[in-house]
Every structure is written in structure tokens, then in C-alpha cells.
Amino acid sequence: GGGSSALIAVPDRKVICMVADGSAMYTIQSLWPQARENLNVLTIVFGNRIYQILRGEFVGVGAGEPGQRAQDMLKIDRPTIDFVALAKGMGVPGRAVTSADELVKALAEAMAEKGPRLIEVQLGWWRSVRGAGQRELCWSRAHGRISGSRVRWRAGGSGGRPRGRGR
């Protein structure tokens, strides 16, 4: 789990495991054996503070839009989970990033080091800096890369995915 088994196929390379924070709650225990065995795995947790897969299931069964109480149950924000602290507690060095520039730097550092690492990409911060001239994170499925860009969020059934053009 958590990228560890991929090392069987490529033991001489660093494995990158990308996971959303909701999904990470099901696999966070994989960090401990990565530390114990000094496995060369970089775990990147994308923190949007919601169980998006469960929200999709809610809609998928035809239950309509979730009410306020259901939305509250799908959020991962009370209390906010500190994935860097969880990683540290299991023996894995980690850091949080809040911008594309920080992510690029953290990726370079993590790729240069042997052993497990964790990067928490905190995506919820975009609301507070929107329009402040700071670059925001955007995952481009079409281009398979992360870049800094202005991000617009779709309303309704978007699945919380950003859209915009990377730079």
C-alpha cells in the first residue's frame, strides 16, 4: 500500500505515491513500514479537506445534493489533519506546501534524498489569497503536470477539480 509495493517492480528508483487526503486516511499506516524499511517512496498528499469520493458516491446513488449535515460529515476539517505530523510520528520526514513554487522546491529536495518522504499540498488556502497576485496550484490532467496558475473552481458537480491554464 501507499506506493511501497511498486518498489518490487522498480527497486532502484524512487516511487511517487499521489493521494488525496480523504484516501490517505485509509492508507496512512503505510508510512510506518516505509520508515522501518527505509523505502524510497515519496508520498504526496493533496489536501482539499473533503472525502470527495464519498461525495461522489452520495450523488451516484441518486440521493441528490447533500444537505448541510451530510456535507459536514464529508469534510475533513474539524479538526484539520496534520499529515506532516502524522508522517513524523511514524518516522517519515515531511513538509507542507501552499504554493506551486514551494511544491517544485519540495519535490526537488525529496527526489534528491534517499528513503521515504511526505509532502502535504494544502489546497484549501486558495480562497484566502485569491486575487492577491500569488500563484495557485493547478493539477492539469490533460498535461499530466502540476503548475502555478490562476485557478477557477467549477460550481456544482465539479468534483472539486480545478480548471485553468498552467504556466
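This is a predicted model: local features need pLDDT of at least 70, side-chain atom pairs count only at pLDDT 80 or more; totals for chains, interfaces and linings use all residues.
Mentor: Local features here need pLDDT of at least 70 and side-chain atom pairs count only at pLDDT 80 or more, while totals for chains, interfaces and linings use all residues. Residues are numbered from 1 along each chain as its sequence is written, and side-chain values use heavy atoms, leaving out hydrogens and water.

Trainee: How do you know that strand 3 pairs with strand 4?

Mentor: Two strands pair if DSSP finds at least two bridges between them. Four bridges join strand 3 to strand 4 (residues 117–122), so they pair, and they run parallel. Gly94 stands opposite Leu118 in strand 4.

Trainee: What makes strand 1 and strand 3 edge strands?

Mentor: The open sheet has four strands in the order 1-2-4-3. Strand 1 (15–20) and strand 3 (94–97) each have a single partner strand, so one side of each lacks a neighbour in the sheet.

Trainee: How do you know that helix 6 packs on the sheet?

Mentor: Helix 6 (residues 100–112) touches strand 1, strand 2 (41–47), strand 3 and strand 4, where contact means heavy atoms within 4.5 Å.

Trainee: Why is Met25 called partly exposed?

Mentor: Buried means under 20% relative accessible area and exposed over 50%, with partly exposed in between (1.4 Å probe, protein chains only). Met25 has 32%, so Met25 is partly exposed.

Definitions and conventions. Helices (H or I, at least four residues) and strands (E, at least two) are DSSP runs, numbered from the N terminus. Axes are lines fitted to C-alpha atoms, for helices over the stretch in contact, and angles run from 0 to 180 degrees between N-to-C directions.
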